[in-house]
2 protein chains.
Amino acid sequence: MDPSEFRRHGHALVEWIADYLSGSERYPVLPRVVPGEVRRALPEHGPEAGERFDEIFADFERILVPALTHWNHPGFFAYFPATTSASGVLAEFLSAALNQQAMLWRTSPAATELEEVSLAWLRGLLGLPSAFEGVIYDTASISSLHALAAARQAAVPDVRERGLVARSDIAPLRVYCSEHAHSSIDKAVLTLGLGQSSLRRIPVDAEHSLQSHALRAALDEDRRAGIRPVAVVATIGTTSTTAIDPVNAIADVCRDHRIWLHVDAAYAGVAAMLPECASYFAGWDRADSIVINPHKWLFTPFDLSAFYCRRMEVVREAFSLVPEYLKTLEASAGARNLMDTGIQLGRRFRSLKLWMILRHFGAARLRSILAEHIRLAHEFAARVDEHPDFERLAPVPFAVVCFRANPRALHLGAAELDLFNQRLLDAVNETGEVFLSHTRINGAFVIRIAIGHLRTTGAHTRRAWELLSQHTAALAIAS
Amino acid sequence: MDPSEFRRHGHALVEWIADYLSGSERYPVLPRVVPGEVRRALPEHGPEAGERFDEIFADFERILVPALTHWNHPGFFAYFPATTSASGVLAEFLSAALNQQAMLWRTSPAATELEEVSLAWLRGLLGLPSAFEGVIYDTASISSLHALAAARQAAVPDVRERGLVARSDIAPLRVYCSEHAHSSIDKAVLTLGLGQSSLRRIPVDAEHSLQSHALRAALDEDRRAGIRPVAVVATIGTTSTTAIDPVNAIADVCRDHRIWLHVDAAYAGVAAMLPECASYFAGWDRADSIVINPHKWLFTPFDLSAFYCRRMEVVREAFSLVPEYLKTLEASAGARNLMDTGIQLGRRFRSLKLWMILRHFGAARLRSILAEHIRLAHEFAARVDEHPDFERLAPVPFAVVCFRANPRALHLGAAELDLFNQRLLDAVNETGEVFLSHTRINGAFVIRIAIGHLRTTGAHTRRAWELLSQHTAALAIAS
């Protein structure tokens with residue numbers, strides 16, 4: 001593609017994206033396609049001769065756009081909404097063009113140092129002390145994997161060289177988390193060779209928070225049984241209900257047992273910048289490591305997971321490994337090589353978008369958007385609480401409401417209630433105006449509304465409520 | 001940013017990027033900054049109030065651009081060059097705007113199915129059979145980690161549940177690779193809890209290829225010692241010298257020992273589309289898994305690592321784990337959920353760029369560009385071979401030449417030779433016209449020229465040769 005073609009297609013794309021970002025509401029949030037539809041619409045083999053970009057783009061519009069799930073739709077209330085922002089999209093455009101590799105300082109001084117600077121800015125906003133050194137990974141799954149690898153390294157200093165196999169000198173190792181910890185913690189322990197059975201899930205209280213006394217009892221019990229506790233994962237904002245584990249009390253337990261405390265605040269961490277949320281984060285600055293995902297609730301195009309660690313030297317002990325062809329003089333001159341703190345050698349220029357977003361929005365506006373999302377969630381929760389045919393099933397510390405319909409007149413049993421709510425969720429999602437997802441709490445099917453889109457307003461959450469209450473009434477009549 | 005602002009800044013960015021991509025030669029390849037320079041130029045805290053995008057962009061140009069290592073400079077000959085292409089950059093722009101999450105089919109049918117389609121196209125180009133199911137990861141480090149995790153799973157089927165610790169029923173496990181295998185293999189075995197000592201490096205022959213008879217002997221020896229072989233990693237195109245391990249002979253050994261064969265073709269894999277390279281890939285279709293990085297030598301903006309596996313069900317056994325909040329009906333309707341084959345839950349819409357690149361270039365043009373890079377490397381190698389003051393230190397199957405200056409008149413000893421070449425490399429890189437990197441072969445300092453940039457022509461490689469020969473002469477006189 002020559003420069004003039006690039007200009008032409010680039011400008012067309014800018015127009016298309018501007019229309020898309022401001023007009024995503026014209027699409028159904030969930031696409032109306034069936035499995036295999038995209039695959040069948042495309043040829044089995046790529047072309048031998050190159051094709052014009054407009055032809056490719058025409059197929060993109062014709063075949064792919066109808067099969068997109070619109071994460072940028074302000075009616076996207078499923079999972080944790082993850083939306084882009086204009087400044088983030090522009091930064092990614094630039095980053096793709098620059099194609100920096102932030103593995104060594106030398107392979108991109110700009111990306112290396114901007115990662116440090118932008119993570120320091122974010123750390124300041126979140127009120128974390130500078131003892132937390134930061135590094136950017138792709139996902140929270142990888143951040144938590146590094147956290148637990150570091151915990152394993154701290155517990156078994158020669159694990160790097162000798163591994164875990166066929167060693168009579170290592171007691172069974174164990175990691176602790178709440179029943180509601182994210183599946184990435186399971187994936188981390190099984191990847192690290194600890195096995196899923198090494199993950200002990202501690203019971204939660206009525207608000208779905210880990211019970212610290214049960215944690216302490218479990219640790220004591222395990223110690224007596226000859227098991228070696230390695231780490232506790234505390235979650236601030238669980239995926240199901242955004243429950244908050246009591247980090248301060250957990251930090252006491254970790255201190256007493258001298259084990260690693262990892263805080264999974266992938267979703268909710270950014271809310272630490274709100275004074276009104278401060279109590280939820282009490283004690284998180286005592287953690288050994290923390291993960292926060294700006295790509296979840298900070299309008300950062302996917303992917304960017306921020307990992308903060310008080311003991312980054314342990315991560316380096318676990319992973320630093322420099323082959324000859326990557327040795328540089330700068331390493332001795334105090335330059336940081338970010339490849340030393342990770343499994344991945346190749347590293348994208350992700351800090352550019354974080355830096356641009358933090359500057360373009362500014363702290364005040366970021367705080368006000370997050371606060372508004374939380375306000376909308378509380379408003380929605382109040383509607384649930386006031387309606388006789390709905391019930392709320394979890395507290396709402398952040399911007400997720402867990403609830404279900406329970407039409408009084410129907411006197412539904414547990415299984416019927418689940419089915420009713422599954423049907424309600426499907427009916428509401430089929431409108432294309434909104435997309436909500438579900439979870440289960442104590443076995444019961446629960447609908448979740450997660451508010452986090454940059455352009456979601458009260459009009460969207462009210463519309464979600466209208467759809468839910470109307471479809472509940474209609475389904476109740478049909479029952 | 002409102003849509004009109006986005007349009008304005010977007011259009012300005014298109015112009016800037018068009019100029020950048022076509023004019024990257026006006027920058028020095030390696031920036032002239034010292035560690036800390038970027039950090040010191042930026043404030044300690046982010047702004048409270050939002051800033052205009054043009055202000056941010058002005059700082060980008062003033063502070064960051066002078067600190068970029070220009071991976072898009074046609075004089076970038078270091079490591080493995082990784083360059084973007086215009087169609088890839090446009091695809092990433094679009095991908096950032098769409099912000100698809102390809103974790104579940106439901107969360108992006110388009111991204112899920114396009115991943116399958118584009119990987120099938122690439123597989124066809126490479127001549128691999130359809131028995132190889134594909135998935136896209138971020139980096140080769142992560143691809144190889146999954147390969148070895150699958151090998152571990154195949155060897156110890158209950159490893160997922162029980163882990164590796166405190167088990168008397170598992171023999172010491174071992175992974176085999178050549179002395180020149182990539183550091184990501186070390187990182188994978190240490191991450192997986194096998195320990196670096198479980199990685200047995202097999203000696204290479206004069207062409208730096210793994211000696212298959214030595215591999216067989218090592219396996220036999222280890223079996224006799226009660227060690228359980230788990231996998232062999234064969235490399236097609238090692239990082240130091242692009243050496244080629246004899247995959248067919250290695251596949252025989254793996255078949256006889258019933259162990260996993262992983263082929264690391266992260267760099268050179270794309271060359272399998274060239275008939276003239278077919279012999280280098282003989283037997284790779286017998287592997288259990290293969291990694292190929294389009295972000296290295298297929299003009300794909302970083303990151304995109306293609307992982308092909310004949311036994312993807314083993315990867316699923318190792319990693320599939322679906323929490324309630326991610327359960328969908330489509331899973332039962334035959335839709336593939338890509339989160340099932342990986343550690344990472346979140347997955348970017350990476351297939352879009354691969355699809356656009358395969359279409360926009362077309363197979364014929366991709367083959368001709370790769371062939372031209374190889375031709376330029378051979379031409380460069382011939383210059384080295386003909387010059388009395390230079391010597392070549394490895395065969396050139398692909399587009400990397402390993403060589404050093406050895407001015408006959410100076411009669412340099414081994415240590416002096418190393419120092420001479422280090423100085424030569426520094427001098428040449430300091431010109432800003434080119435950037436080459438080094439490696440060591442049998443302890444000796446070796447300069448590498450890696451040709452892989454989309455816009456590198458014979459003029460650039462000739463200029464690199466001029467600089468090298470001129471600086472050699474100058475240094476020789478100064479000596």
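Helix axes here are lines fitted to C-alpha atoms over the stretch in contact, and angles run from 0 to 180 degrees between N-to-C directions. Helices are DSSP runs of H or I, at least four residues, numbered from the N terminus.

This is a predicted model: local features need pLDDT of at least 70, side-chain atom pairs count only at pLDDT 80 or more, and totals for chains, interfaces and linings use all residues. Residues are numbered from 1 along each chain as its sequence is written, with chains lettered from A and ligands numbered from 1 in the order in which they are written.

Chain B first. Helix H13 (residues 351–386) and helix H15 (residues 458–478) of chain B have axes that come within 10 Å and cross at roughly 25°. H13(B) and H15(B) are therefore roughly parallel (under 35 degrees). Who touches whom? From H13(B), Leu376(B), Glu379(B), Phe380(B) and Arg383(B); from H15(B), Gly458(B), Thr461(B) and Trp465(B). Contact means C-beta atoms, placed from the backbone, within 7 Å.

Now chain A. Helix H6 (residues 140–155) packs on helix H12 (residues 312–319) at about 85°, axes 9 Å apart. So H6(A) and H12(A) are roughly perpendicular (65 to 115 degrees). H6(A) brings His146(A), Ala149(A), Ala150(A), Gln153(A) and Ala154(A). H12(A) answers with Val314(A), Val315(A), Glu317(A) and Ala318(A).

Methods. Helices (H or I, at least four residues) and strands (E, at least two) are DSSP runs, numbered from the N terminus. Angles under 35 degrees count as roughly parallel, over 145 as roughly antiparallel, 65 to 115 as roughly perpendicular and the rest as oblique. Two residues are in contact if their C-beta atoms, placed from the backbone, lie within 7 Å.
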